Amino acid sequence: MIRLEGLTRSYGRTTAVDGVDLEVRAGELVTLVGPSGSGKSTILRLIAGLDRPDGGRVLVDGVDVAGVPPHRRAVAMVFQDYALFPHLTVHGNLTFGLRVRRVRRAEADRRARAAADRLGIGDLLDRYPDQMSGGQRQRVALARALLRDPSVYLLDEPLASLDAPLRFATRADLLALHRELRTTTVHVTHDQHEAMTLGDRVVVLADGRVRQVGPPQQVYDEPADTFVAGFLGSPPMNLVTGGGVLGGDPDVTLGVRPEDLTLDGEGPVAATLEAVEALGSEAILLTRCPDGTRLTVRTGPRPGVAPGDEVRLRADRLHRFDAATGRRR
Ligand code: ADP
């Protein structure tokens, strides 16, 4: 279990982490998601002990780890850029830490092979890092983390440098691994798909602050504010401030997700279709209302309309936010 209490870290005038409170339960996988610069990596580094907070505390299994150096914290961190030793083979990279901890050679060898097999790189033990693809290197880094048998995994964008198919496959492997090991994990990503699919809960960050914490579907269905509403979901939620085409009051911002807008000849909202993005499995319609409001609509493939058409829309599920504060009402 990890507990962050009022965690704060500034670099000069930049407040990277601004009073973060968070509890990660034992065995849980939590994803930290937010735009670049929102403080995700800094939070991981503070948990790992690679950096010190200006204020607040990090507790691991109930113990304040302030005085504990990184190598004594029972955490294993995996970075985007693997951080493998280039002059050691996969076998060498995997056994290095074990040998430092004085695990006997035969035992280190056995454990390294088991971890490599677990991640499907058992036949690469004699390769050097520069003889492998990015995906294979990332698996070595994950296998090495596995060998530390930590009480907490800290993963910093571990899939970011992989191409799309490999990212998809490795994401599934990570999930399976977590289901099996049930080790408490904090996974940092800027990719909302990764955050949604991997996390038992997601933590949405902006400007060093926690904007919302919850199970992925709940955060998607009930975003706490307009920032979260606009950040999770692609294309993002349509937000219309103060009355306008969706109705509502001047002090309310109304939101509707593209999939909750439907082409409906009887619908109350009139719009002109400006563009159709056909994505194969679905289509995204870009529309503009007479008052200039733009609404994005998600439909099935082959929606049967073309740019220039006048359409009518129905909004099925409205989100209400305070126009002044952006908070959900
Ligand atoms: P994220 O991981 O969400 O992209 P970071 O935690 O890396 O965000 O950074 C948060 C903010 O703190 C950014 O504005 C970044 O420029 C700043 N920052 C992070 N580390 C340092 C550092 N070592 N020195 C100066 N500024 C830093």
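**Figure 1. Residue classes in the shell around the ligand.** In this predicted model, the shell around the ligand is made up of seven polar, three nonpolar and one charged residues. The residues around the ligand include Tyr11, Thr14, Ala16 and Pro35. Also among them are Ser36, Gly37, Ser38, Gly39, Lys40, Ser41 and Thr42.

Figure 2. Gly37 places a polar backbone atom 2.7 Å from an oxygen atom of the ligand. For Ser38, a polar backbone atom is 3.0 Å from an oxygen atom of the ligand. Gly39 likewise has a polar backbone atom 3.0 Å from an oxygen atom of the ligand. The ligand taken alone exposes 560 Å², and 57% of that is buried by the protein.

**Figure 3. Secondary-structure elements around the ligand.** Two or more residues of the shell are given by each of strand 2 (14–24) and helix 1 (40–48). Helix 1 supplies the largest share of the shell around the ligand, with three residues.

**Figure 4. The two domains of the protein chain.** Domain 1 covers residues 2–228, and domain 2 covers residues 237–322. A distance of 39 Å separates the C-alpha centres of domain 1 and domain 2.

**Figure 5. The contact region between domain 1 and domain 2.** Here, five residues of domain 1 are in contact with eight residues of domain 2. About 570 Å² is buried between domain 1 and domain 2. Carbon and sulfur atoms give 55% of this buried area.

Technical notes
Residues numbered from 1 in each chain as written. Predicted model: local features only at pLDDT ≥ 70, side-chain atom pairs only at ≥ 80, totals over all residues. Heavy atoms only, no water. Near = heavy atom within 4 Å. Polar contact = N/O pair within 3.5 Å; in protein donor to acceptor, adjacent residues only side chain to side chain. Areas by Shrake-Rupley, 256 points an atom, 1.4 Å probe, with all protein chains shown as cover. Helix = DSSP H or I, 4+ residues; strand = E, 2+ residues; numbered from the N terminus. Nonpolar A, V, L, I, M, F, W, Y, C, P; charged D, E, K, R; others polar. Domains from an automatic or database assignment. Contact = heavy atoms within 4.5 Å. Buried area = accessible area lost by both parts, 1.4 Å probe.
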